[in-house]
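Subject: Handover of a structure for your study

Dear colleague,

Please find below the structure that I am handing over to you.

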Amino acid sequence: MNARGHIDRTVPVEGDHTRRRPEPGPIAVLPHADPVFVEAIEAAGGTVEPLSERTRGVVWLSARESSGLAAALDEHPDIHWVQLPWAGVDAFLELFKARAGEEWPLWTSAKGAYSEPVAEHAFALTLATLRFIPQKSRASEWDPVRRGTSLYGRNVVIVGAGGIAQELLRLLAPFDTRVTVVRRRDVPVEGAERTVTGEHLADVLPDAEVVVLAAAQSERTSGMLGEHELGLLKPSAVVVNIARGPLIDTDALVAALERGAIAGAGIDVTDPEPLPHGHPLFSAPNTVVTMHSADTPEMTRPLLAARIEHNVRAFLGDGDFIGVVDPEHGY
């Protein structure tokens, strides 16, 4: 409530503006109701009903069937809130564009919800590539050459400043790394030695010994690590991508690895995805491809259920939504 005792019907969205709070009402779980998430809604006091003219909220559980969600919104314009299933919302960018300028729905995603398992995976890939584990694990005979670099005291560049990046900063802290965060705005990030905007990515790459991509995919970030940027890295540098495959030019990455321009890569997401059988990235020197498994359903289901429960409470009550999506910027 505000100072006069009236309910505050606005909810903050990233940026300099606010919008009216969604109108609460029954919630549909689509395209198929999953008991785990139905229980989360009911635990927060929500009512789950089939999609109808009464529906005011939708929990959408498919990352690929955006056309089904678009049809539901077209047929039921009184839907005020949509919860999306993943941190990345690139599968819904066309839907955002199609509904640009419309007040509803308020979009929320799982951004930040899966930070711990994904950051843990990024950390594992970093250690593996610095220690040349991918190359060593493929060996079929004893190699007397000892190769490997310690993480302690290294220069690390993290592209992105969301929950994954923040959790990774906590994991890196005991190793006395010097971390530069690259983000859309030059607002400092706790735990990072410095923060720069994306326009200065090329300025910080030459000193980087580890580059971790943890940014959302958008028109601005797609292809951000291409032939030119990879060419700025030291031969001892490693690249880790746990964000989205299109952030890296795959052909340029393979070429850099094969000619020894960089020391290795830990790749959880690829472009194309899935990576075709026999693709050269699978066999590139000191490279591990973990096939989009930084977070598994076993890890994410309870985390998504907790996010849904929180946002249902916000929908029905105080409007304190987590993971509000800015459709204009695509994350």
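The accessible surface of the chain comes to about 16,200 Å², and carbon and sulfur atoms account for 51% of this area. Such areas come from the Shrake-Rupley method with a 1.4 Å probe; for residues, only the protein chains shown count as cover. Please note that this is a predicted model, in which local features need pLDDT of at least 70 and side-chain atom pairs count only at pLDDT 80 or more, while totals for chains, interfaces and linings use all residues. Residues are numbered from 1 along each chain as its sequence is written, and side-chain values use heavy atoms, with hydrogens and water left out.

Overall form

The chain has 11 helices and 13 strands. Helices (H or I, at least four residues) and strands (E, at least two) are DSSP runs, numbered from the N terminus. For 331 residues, a compact globule would have a radius of gyration near 20 Å, and the 22 Å of the chain agrees with this. That radius is taken over C-alpha atoms, and the globule rule is 2.2 Å times the number of residues to the power 0.38. Of the 331 residues, 50% count as buried, where buried means under 20% relative accessible area, exposed over 50%, and partly exposed in between (1.4 Å probe, protein chains only).

The nonpolar cores

A nonpolar core is a set of buried Ala, Val, Leu, Ile, Met, Phe, Trp, Tyr and Cys residues joined through side-chain atoms within 4.5 Å. The largest one has 50 residues, of which Trp81, Ile158, Leu168, Leu172, Ile242 and Ile308 touch the most other members. Apart from it lies another core, of 33 residues, including Ala208 and Leu253.

The aromatic pairs

How many aromatic pairs does the structure hold? There are six. Rings of Phe, Tyr and Trp (its six-membered ring) pair if their centres lie within 6.5 Å; planes under 30 degrees apart count as stacked, over 60 as edge-to-face and the rest as tilted. Trp81 and Phe315 form a tilted pair, with 5.0 Å centre to centre and 35 degrees between the planes. Because Trp81 lies in strand 5 (residues 81-83) and Phe315 in helix 11 (residues 297-316), this pair ties together parts that are 234 residues apart in sequence. Trp81 counts as buried at 0% relative accessibility, and Phe315 counts as buried at 1%. Ring pairs link Trp81, Phe315 and Phe321 into a cluster.

In helix 1 (residues 35-43), the residues Phe37, Val38, Ala40 and Ile41 are buried. They cover an arc of only 155 degrees around the axis, which puts them on the same side of helix 1; the arc is that of the directions from the helix axis to the C-beta atoms. The face turned away from the buried side of helix 1 carries the exposed residues Pro35 and Glu39.

Helix 2 (residues 66-75) has Leu69, Ala70, Ala72 and Leu73 as its buried residues. Seen down the axis, they fall within an arc of 160 degrees, so they line one face of helix 2. Ser67, Asp74 and Glu75 are exposed on the other side of helix 2.

His80 has its place in the loop between helix 2 and strand 5. Is His80 buried or exposed? His80 is buried, with a relative accessible area of 8%. Not counting residues up to four places away in sequence, His80 touches Pro22, Glu23, Arg56, Trp104, Pro105 and Leu106, where contact means heavy atoms within 4.5 Å.

Yours sincerely,
A colleague
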